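Subject: Handover of a structure

Dear colleague,

Please find the structure for your records below. My notes on its contents follow.

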Amino acid sequence: MEDQVSFDPVVGKAEKLAPGIRRVLAPNPSPMTYRGTNTYLIGTRDIAVIDPGPPDEAHLKAILEALEGHQRISHIFVTHSHIDHSPLGMVLAQFTGARVHAFGSSRAGRADIMSSFGKLGGGEGIDETFLPDIEMKHLDCVEGSDWRLRALHTPGHLGNHLCFELDWEADFSGHVFTGDLVMGWATSIVSPPDGHLTDFMSSLRVLQERDGHSTYHPGHGAQIDDPLGRVSDLAQHRLNREAQILHALSTREGSAADIAARIYVDVDPNLLPAAARNVLAHLIDLSSRNKVISDGPLREDAVFTLS
(Lines give C-alpha, C1' and ligand atoms only; values in the text may rest on other atoms or scores of the structure.)
Protein backbone atom coordinates (compact mmCIF):
# COMPACT_ATOMS: atom_id res chain seq x y z
CA MET A 1 0.00 0.00 0.00
CA GLU A 2 1.40 3.41 -0.99
CA ASP A 3 1.16 6.44 1.25
CA GLN A 4 0.14 9.73 -0.37
CA VAL A 5 2.33 11.91 1.85
CA SER A 6 5.53 9.88 1.48
CA PHE A 7 4.90 9.16 -2.22
CA ASP A 8 8.13 10.18 -3.95
CA PRO A 9 9.19 7.68 -6.63
CA VAL A 10 12.35 8.05 -8.65
CA VAL A 11 11.70 10.14 -11.73
CA GLY A 12 12.04 8.16 -14.95
CA LYS A 13 12.34 4.74 -13.29
CA ALA A 14 9.74 2.13 -14.25
CA GLU A 15 8.21 0.70 -11.06
CA LYS A 16 6.18 -2.51 -11.00
CA LEU A 17 2.86 -1.94 -9.21
CA ALA A 18 1.12 -5.23 -10.03
CA PRO A 19 1.45 -7.96 -12.66
CA GLY A 20 1.49 -6.23 -16.01
CA ILE A 21 1.30 -2.70 -14.52
CA ARG A 22 4.28 -0.35 -14.29
CA ARG A 23 4.49 3.37 -13.56
CA VAL A 24 7.02 5.91 -14.84
CA LEU A 25 6.98 9.33 -13.14
CA ALA A 26 7.45 12.35 -15.42
CA PRO A 27 9.79 15.19 -14.35
CA ASN A 28 7.07 17.85 -14.03
CA PRO A 29 6.37 18.38 -10.30
CA SER A 30 4.30 21.43 -9.34
CA PRO A 31 1.58 22.49 -6.89
CA MET A 32 -0.94 21.29 -9.50
CA THR A 33 0.77 18.00 -10.47
CA TYR A 34 2.25 16.93 -7.10
CA ARG A 35 5.39 14.83 -7.83
CA GLY A 36 4.64 14.82 -11.54
CA THR A 37 2.48 12.97 -14.06
CA ASN A 38 2.14 9.22 -13.69
CA THR A 39 2.62 7.40 -17.00
CA TYR A 40 1.49 3.77 -16.92
CA LEU A 41 2.78 0.84 -18.96
CA ILE A 42 0.30 -2.03 -19.27
CA GLY A 43 1.05 -5.55 -20.48
CA THR A 44 3.96 -7.95 -20.89
CA ARG A 45 4.20 -8.18 -24.69
CA ASP A 46 2.08 -5.54 -26.43
CA ILE A 47 2.50 -2.51 -24.15
CA ALA A 48 -0.23 0.08 -23.70
CA VAL A 49 0.94 3.49 -22.51
CA ILE A 50 -1.63 5.44 -20.49
CA ASP A 51 -1.04 9.21 -20.24
CA PRO A 52 2.33 9.67 -21.96
CA GLY A 53 2.67 13.04 -20.25
CA PRO A 54 4.28 16.38 -21.11
CA PRO A 55 6.57 16.94 -24.13
CA ASP A 56 9.79 16.10 -22.32
CA GLU A 57 12.69 14.31 -24.03
CA ALA A 58 13.93 12.70 -20.81
CA HIS A 59 10.48 11.26 -20.15
CA LEU A 60 10.21 9.96 -23.70
CA LYS A 61 13.57 8.25 -23.26
CA ALA A 62 12.49 6.76 -19.91
CA ILE A 63 9.33 5.27 -21.46
CA LEU A 64 11.22 3.74 -24.37
CA GLU A 65 14.02 2.41 -22.15
CA ALA A 66 11.45 0.71 -19.91
CA LEU A 67 10.67 -1.71 -22.74
CA GLU A 68 12.23 -5.13 -22.47
CA GLY A 69 13.65 -6.93 -25.50
CA HIS A 70 10.45 -8.66 -26.58
CA GLN A 71 8.12 -5.75 -25.88
CA ARG A 72 6.70 -3.07 -28.13
CA ILE A 73 4.40 -0.12 -27.54
CA SER A 74 1.28 -1.12 -29.42
CA HIS A 75 -1.28 1.39 -28.09
CA ILE A 76 -1.34 4.85 -26.51
CA PHE A 77 -4.25 5.99 -24.31
CA VAL A 78 -4.92 9.47 -22.98
CA THR A 79 -7.28 10.08 -20.07
CA HIS A 80 -7.68 13.76 -21.00
CA SER A 81 -5.92 16.48 -22.92
CA HIS A 82 -4.33 18.73 -20.34
CA ILE A 83 -0.73 19.61 -21.18
CA ASP A 84 0.67 17.43 -18.39
CA HIS A 85 -1.04 14.30 -19.78
CA SER A 86 -1.34 14.30 -23.57
CA PRO A 87 1.34 16.17 -25.59
CA LEU A 88 4.00 13.44 -25.56
CA GLY A 89 1.48 11.08 -27.11
CA MET A 90 1.97 12.46 -30.61
CA VAL A 91 5.76 12.17 -30.33
CA LEU A 92 5.55 8.67 -28.88
CA ALA A 93 3.24 7.67 -31.72
CA GLN A 94 5.80 8.85 -34.25
CA PHE A 95 8.54 6.82 -32.57
CA THR A 96 6.54 3.63 -32.20
CA GLY A 97 3.82 3.61 -34.85
CA ALA A 98 1.20 3.14 -32.10
CA ARG A 99 -2.04 5.08 -32.41
CA VAL A 100 -3.44 7.46 -29.80
CA HIS A 101 -6.79 6.53 -28.24
CA ALA A 102 -8.95 9.07 -26.37
CA PHE A 103 -12.48 10.43 -26.17
CA GLY A 104 -11.88 13.25 -28.61
CA SER A 105 -10.40 16.70 -29.04
CA SER A 106 -9.96 19.11 -26.16
CA ARG A 107 -13.44 20.54 -26.76
CA ALA A 108 -15.16 17.15 -27.05
CA GLY A 109 -17.56 16.40 -24.24
CA ARG A 110 -17.78 19.99 -23.00
CA ALA A 111 -21.14 20.61 -21.33
CA ASP A 112 -23.58 22.31 -23.71
CA ILE A 113 -24.64 24.73 -20.98
CA MET A 114 -21.20 26.37 -21.01
CA SER A 115 -21.74 27.86 -24.46
CA SER A 116 -24.63 29.99 -23.16
CA PHE A 117 -22.62 31.78 -20.48
CA GLY A 118 -20.79 35.08 -20.59
CA LYS A 119 -17.04 35.51 -20.28
CA LEU A 120 -15.95 32.70 -17.97
CA GLY A 121 -12.22 32.82 -18.60
CA GLY A 122 -10.65 29.44 -17.92
CA GLY A 123 -9.14 27.04 -20.38
CA GLU A 124 -6.03 26.58 -18.24
CA GLY A 125 -3.51 24.02 -19.36
CA ILE A 126 -5.41 22.75 -22.40
CA ASP A 127 -3.53 20.89 -25.14
CA GLU A 128 -5.20 22.83 -27.94
CA THR A 129 -3.71 20.72 -30.74
CA PHE A 130 -4.76 17.37 -29.30
CA LEU A 131 -6.62 15.07 -31.66
CA PRO A 132 -6.63 11.30 -31.11
CA ASP A 133 -6.20 8.81 -33.91
CA ILE A 134 -9.03 6.69 -32.52
CA GLU A 135 -11.98 8.07 -30.55
CA MET A 136 -13.40 5.95 -27.73
CA LYS A 137 -16.93 6.16 -26.39
CA HIS A 138 -18.22 5.08 -22.99
CA LEU A 139 -17.65 1.32 -22.48
CA ASP A 140 -15.63 0.91 -25.69
CA CYS A 141 -12.88 -1.73 -25.32
CA VAL A 142 -9.44 -2.10 -26.89
CA GLU A 143 -7.38 -5.31 -26.56
CA GLY A 144 -3.69 -6.10 -26.56
CA SER A 145 -2.00 -9.48 -26.38
CA ASP A 146 -2.79 -10.03 -22.68
CA TRP A 147 -4.95 -7.08 -21.60
CA ARG A 148 -8.13 -5.22 -22.41
CA LEU A 149 -8.87 -1.60 -21.51
CA ARG A 150 -12.47 -0.42 -21.18
CA ALA A 151 -13.19 3.30 -21.44
CA LEU A 152 -15.47 5.05 -18.97
CA HIS A 153 -16.46 8.53 -20.08
CA THR A 154 -16.08 10.59 -16.93
CA PRO A 155 -16.28 14.33 -17.73
CA GLY A 156 -16.13 17.01 -15.09
CA HIS A 157 -12.46 17.81 -14.72
CA LEU A 158 -12.42 18.04 -18.52
CA GLY A 159 -15.13 17.17 -20.99
CA ASN A 160 -13.04 14.56 -22.80
CA HIS A 161 -11.92 12.79 -19.62
CA LEU A 162 -11.85 8.98 -19.65
CA CYS A 163 -11.03 6.44 -16.97
CA PHE A 164 -9.83 3.00 -18.07
CA GLU A 165 -10.78 -0.33 -16.49
CA LEU A 166 -8.21 -3.09 -16.94
CA ASP A 167 -9.10 -6.67 -17.84
CA TRP A 168 -5.99 -8.80 -17.39
CA GLU A 169 -5.52 -12.12 -19.22
CA ALA A 170 -9.29 -12.25 -19.93
CA ASP A 171 -10.24 -11.65 -16.28
CA PHE A 172 -11.32 -8.35 -14.73
CA SER A 173 -8.41 -7.22 -12.58
CA GLY A 174 -10.14 -4.54 -10.52
CA HIS A 175 -7.52 -1.95 -11.51
CA VAL A 176 -8.77 1.39 -12.87
CA PHE A 177 -6.73 4.29 -14.26
CA THR A 178 -8.55 7.37 -13.08
CA GLY A 179 -6.58 10.26 -14.59
CA ASP A 180 -7.41 13.45 -12.70
CA LEU A 181 -10.98 12.50 -11.78
CA VAL A 182 -9.99 10.70 -8.58
CA MET A 183 -6.65 11.29 -6.87
CA GLY A 184 -5.56 10.57 -3.33
CA TRP A 185 -3.22 13.48 -2.70
CA ALA A 186 -5.72 16.23 -3.58
CA THR A 187 -9.16 16.90 -4.97
CA SER A 188 -9.60 17.46 -8.68
CA ILE A 189 -9.73 20.99 -10.07
CA VAL A 190 -13.02 21.74 -11.82
CA SER A 191 -12.53 24.94 -13.80
CA PRO A 192 -15.25 26.20 -16.18
CA PRO A 193 -15.90 26.18 -19.06
CA ASP A 194 -13.88 22.99 -19.64
CA GLY A 195 -14.65 21.68 -16.17
CA HIS A 196 -18.27 21.20 -15.11
CA LEU A 197 -19.20 20.30 -11.55
CA THR A 198 -22.54 18.74 -12.44
CA ASP A 199 -20.72 16.35 -14.78
CA PHE A 200 -18.01 15.77 -12.18
CA MET A 201 -20.52 14.57 -9.59
CA SER A 202 -22.19 12.34 -12.19
CA SER A 203 -18.81 10.84 -13.08
CA LEU A 204 -18.14 9.99 -9.44
CA ARG A 205 -21.44 8.12 -9.47
CA VAL A 206 -20.34 6.22 -12.59
CA LEU A 207 -17.37 4.87 -10.60
CA GLN A 208 -19.52 4.15 -7.55
CA GLU A 209 -21.86 2.04 -9.66
CA ARG A 210 -19.11 -0.10 -11.21
CA ASP A 211 -18.50 -3.37 -9.35
CA GLY A 212 -15.22 -4.93 -8.27
CA HIS A 213 -12.75 -2.04 -8.37
CA SER A 214 -9.86 -2.81 -6.03
CA THR A 215 -7.25 -0.20 -6.94
CA TYR A 216 -7.27 3.21 -8.58
CA HIS A 217 -4.15 4.42 -10.38
CA PRO A 218 -4.43 8.23 -10.64
CA GLY A 219 -2.72 10.70 -12.91
CA HIS A 220 -0.79 12.12 -9.96
CA GLY A 221 0.13 10.72 -6.58
CA ALA A 222 0.05 7.26 -5.08
CA GLN A 223 -2.37 4.49 -5.94
CA ILE A 224 -5.66 4.35 -4.04
CA ASP A 225 -6.46 1.06 -2.29
CA ASP A 226 -9.90 2.05 -0.98
CA PRO A 227 -11.52 3.25 -4.20
CA LEU A 228 -15.14 3.55 -3.11
CA GLY A 229 -14.10 5.18 0.15
CA ARG A 230 -12.12 7.79 -1.74
CA VAL A 231 -14.96 8.45 -4.19
CA SER A 232 -17.37 8.91 -1.30
CA ASP A 233 -14.94 11.29 0.39
CA LEU A 234 -14.63 13.37 -2.77
CA ALA A 235 -18.39 13.56 -3.22
CA GLN A 236 -18.85 14.59 0.42
CA HIS A 237 -16.06 17.15 0.06
CA ARG A 238 -17.99 18.79 -2.76
CA LEU A 239 -21.20 18.79 -0.74
CA ASN A 240 -19.34 20.37 2.17
CA ARG A 241 -17.86 23.01 -0.13
CA GLU A 242 -21.32 23.75 -1.49
CA ALA A 243 -22.57 24.26 2.07
CA GLN A 244 -19.68 26.65 2.77
CA ILE A 245 -20.49 28.69 -0.34
CA LEU A 246 -24.17 28.91 0.55
CA HIS A 247 -23.27 29.93 4.09
CA ALA A 248 -20.90 32.62 2.78
CA LEU A 249 -23.67 34.00 0.57
CA SER A 250 -26.07 34.01 3.50
CA THR A 251 -23.90 36.70 5.10
CA ARG A 252 -23.30 38.83 1.98
CA GLU A 253 -23.17 38.66 -1.78
CA GLY A 254 -19.91 37.93 -3.53
CA SER A 255 -18.00 36.92 -6.63
CA ALA A 256 -16.24 33.57 -6.97
CA ALA A 257 -12.91 35.17 -6.05
CA ASP A 258 -14.40 36.92 -3.02
CA ILE A 259 -16.07 33.75 -1.76
CA ALA A 260 -12.88 31.72 -2.32
CA ALA A 261 -10.88 34.17 -0.20
CA ARG A 262 -13.44 33.80 2.59
CA ILE A 263 -13.66 30.00 2.67
CA TYR A 264 -10.17 28.85 1.56
CA VAL A 265 -8.52 30.37 4.62
CA ASP A 266 -5.68 27.84 4.90
CA VAL A 267 -4.67 27.78 1.22
CA ASP A 268 -1.43 29.16 -0.17
CA PRO A 269 -2.36 32.58 -1.66
CA ASN A 270 -0.78 31.49 -4.93
CA LEU A 271 -3.46 28.80 -5.22
CA LEU A 272 -6.42 31.13 -4.61
CA PRO A 273 -7.03 31.72 -8.35
CA ALA A 274 -7.47 27.95 -8.80
CA ALA A 275 -9.70 27.89 -5.72
CA ALA A 276 -11.82 30.65 -7.24
CA ARG A 277 -12.29 28.54 -10.38
CA ASN A 278 -13.56 25.70 -8.19
CA VAL A 279 -15.97 28.08 -6.46
CA LEU A 280 -17.18 29.34 -9.84
CA ALA A 281 -17.90 25.74 -10.85
CA HIS A 282 -20.03 25.35 -7.73
CA LEU A 283 -21.83 28.62 -8.41
CA ILE A 284 -22.67 27.54 -11.96
CA ASP A 285 -24.03 24.25 -10.62
CA LEU A 286 -26.00 26.05 -7.89
CA SER A 287 -27.36 28.50 -10.46
CA SER A 288 -28.58 25.63 -12.65
CA ARG A 289 -30.47 24.33 -9.59
CA ASN A 290 -31.93 27.79 -8.84
CA LYS A 291 -30.16 28.07 -5.49
CA VAL A 292 -28.20 31.22 -6.40
CA ILE A 293 -28.62 34.05 -8.88
CA SER A 294 -26.04 36.31 -10.52
CA ASP A 295 -26.08 39.99 -11.42
CA GLY A 296 -26.56 39.35 -15.11
CA PRO A 297 -25.06 36.67 -17.39
CA LEU A 298 -22.85 34.11 -15.69
CA ARG A 299 -19.26 35.22 -16.05
CA GLU A 300 -15.98 35.03 -14.18
CA ASP A 301 -16.53 38.22 -12.15
CA ALA A 302 -20.29 37.87 -11.66
CA VAL A 303 -21.64 38.73 -8.21
CA PHE A 304 -23.91 36.09 -6.69
CA THR A 305 -26.67 36.15 -4.11
CA LEU A 306 -28.91 33.45 -2.69
CA SER A 307 -32.11 32.84 -4.62
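How many aromatic pairs does a search of the whole structure find? The search finds five, where the rings of Phe, Tyr and Trp (its six-membered ring) pair if their centres lie within 6.5 Å, planes under 30 degrees apart counting as stacked, over 60 as edge-to-face and the rest as tilted. One of them is formed by F77 and F164: the ring centres are 5.3 Å apart and the planes stand at 65°, so this pair is edge-to-face. Because F77 belongs to strand β5 and F164 to strand β10 (residues 162-168), the pair ties together parts that are 87 residues apart in sequence. Helices (H or I, at least four residues) and strands (E, at least two) are DSSP runs, numbered from the N terminus. F77 is buried, at a relative accessible area of 0%, and F164 is likewise buried, at 0%; buried means under 20% relative accessible area, exposed over 50%, and partly exposed in between (1.4 Å probe, protein chains only). Ring pairs also link F7, Y34 and W185 into a cluster.

Before you read further, please note that this is a predicted model, in which local features need pLDDT of at least 70 and side-chain atom pairs count only at pLDDT 80 or more, while totals for chains, interfaces and linings use all residues. Residues are numbered from 1 along each chain as its sequence is written, and side-chain values use heavy atoms, with hydrogens and water left out.

The sheet

Seven strands form an open sheet with mixed pairing, in the order β1-β2-β3-β4-β5-β6-β7. Its edge strands are β1 and β7, each of which pairs on one side only. Two strands pair if DSSP finds at least two bridges between them.

β3 and strand β4 (residues 46-50) run antiparallel and are joined by three bridges; here Y40 has I50 in β4 as its bridge partner. Strand β5 (residues 72-77) pairs with strand β6 (residues 99-102) in the parallel sense, again over three bridges, and H75 stands opposite R99 in β6. Between these two strands the chain passes through helix α2 (residues 88-96), and this β-α-β crossover is right-handed, a term that applies if, with the strands pointing away from the viewer, the path from the first strand over the helix to the second runs clockwise. β6 also pairs with strand β7 (residues 134-135) in the parallel sense, over two bridges, with H101 opposite I134 in β7.

The largest pocket

The largest pocket holds about 800 Å³ of space. On a 1 Å grid over the protein atoms alone, a pocket is an open set of points where a 1.4 Å probe fits, with protein on both sides within 12 Å along at least five of seven lines, and lining residues have an atom within 4 Å of a point. Grid points are joined across faces, edges and corners, and the volume is the space filled by probe spheres set on the points.

The lining consists of 34 residues, and M32, T187, S188, I189 and A274 lie nearest the centre of the pocket. The elements that give two or more residues to this lining are α4 (227-251) and α6 (272-288), and α6 provides the largest share, five residues. By type, the lining residues divide into 15 nonpolar, eleven polar and eight charged; Ala, Val, Leu, Ile, Met, Phe, Trp, Tyr, Cys and Pro count as nonpolar, Asp, Glu, Lys and Arg as charged, and the others, Gly among them, as polar.

Backbone geometry

Most residues other than glycine have a negative phi, and most peptide bonds are trans. A cis peptide bond, with omega about 0°, joins P192 and P193; P193 is placed in the loop between β11 (171-179) and α3 (197-208). L139 has a positive phi, near 75°. This residue sits in the loop between β7 and β8 (141-143) and is partly exposed, at 39% relative accessibility. N290 also has a positive phi, near 60°; N290 is found in the loop between α6 and β13 (292-294) and is exposed, with a relative accessible area of 61%.

Contacts across the sequence

K13 lies in the segment before β1 (15-18) and counts as exposed at 51% relative accessibility. K13 and E65 are 52 residues apart in sequence, and their C-alpha atoms are 9.3 Å apart in space.

Yours sincerely
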